[in-house]
Amino acid sequence: MKRSNRLVVLTEYFLENPRKHIQLPYFVELCDTTKSSISEDLDIIHEVFQNKGLGYLERTTGAGGGVKYIATSSVEESEAFISTLQKKLEDPARILPGGYLYMSDILGDPSTVREIGRVFASCFAHLEIDAIVTVATKGIPLAYATASFLNVPVIIARRDPKVTEGSSVSINYVSGSSRKIQTMVLPKRSLPDGSKVCIIDDFMKAGGTITGIKSLLEEFSATVQAVGVLAEADDEEDERVITDYTSLLKISPVDIQNHQVSVQPGNYQMES
């Protein structure tokens, strides 16, 4: 196989299989070439990925040595993307009666959601994560987008048990903002004991839902490696029940009288 063809084949494989560790003999057979040629190809792809802000190839040596693709977004591209989201959300046309902000179109746009997932994956690139956990329903597309770059399954906690999911574990928790008693359910088969997880959600006020997910995960002896939220409320910091989280945006209370809303960057920090 010519080098130009090999580069296409290898690049397509890495983009479709992030974080999957593959030994070099697999690519030698796939491309019908030599190990030294594959090694040179990987150097080229690694350089292009880094230059284009797509991530990098992580290579290991020894008997079990190989390579895996770590998908990330450059700091500059992530900041530009989040700035674009800010401007979209500050549109006064998004303000709904009662001071709410319309965000469903953003959560329904595949390209936007995919880029949000890439940014989260960049923030958590240094962590060992076995699964993404979210709660139904608006956090689901963000969870799947993040999981696609980390190459891990998505686990969905729900408000009510489903007969098709078998026996479940349920907890009651207090909502951080409304102080109401809520229920959260997770099937026993959904998450192996001792898993390392990342929680993803669309919006956080005081953090009661995140705290509820954490309590539920304790029943599975799971370790929460990270918490990512698309946006956090800027007026709930005094009542916030969690402090260890990553947010991409921070939304101030809607000024109904002047029909304005202020959106700022969140506390995210990109991994270089």
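Is Asp105 buried, exposed or partly exposed? Select Asp105 and you will find a residue that is partly exposed, with a relative accessible area of 36% (buried means under 20%, exposed over 50% and partly exposed in between, with a 1.4 Å probe and protein chains only). The model on your screen is predicted, so local features need pLDDT of at least 70 and side-chain atom pairs count only at pLDDT 80 or more, while totals for chains, interfaces and linings use all residues. Residues are numbered from 1 along each chain as its sequence is written, and side-chain values use heavy atoms, leaving out hydrogens and water.

The structure holds eight salt bridges.

Now move to Arg3 and Glu40, another such pair, whose closest N and O atoms are 2.7 Å apart. Arg3 lies in helix α1 (residues 3-16) and Glu40 in helix α3 (residues 35-51), so the pair ties together parts that are 37 residues apart in sequence (helices are DSSP runs of H or I with at least four residues, strands are runs of E with at least two, and both are numbered from the N terminus).

Then select Arg6 and Asp41, which form a salt bridge with the closest N and O atoms 2.5 Å apart. Arg6 is buried, with a relative accessible area of 6%, and Asp41 is also buried, at 0%.

Note on methods. A salt bridge is a side-chain nitrogen of Lys or Arg within 4 Å of a carboxyl oxygen of Asp or Glu.
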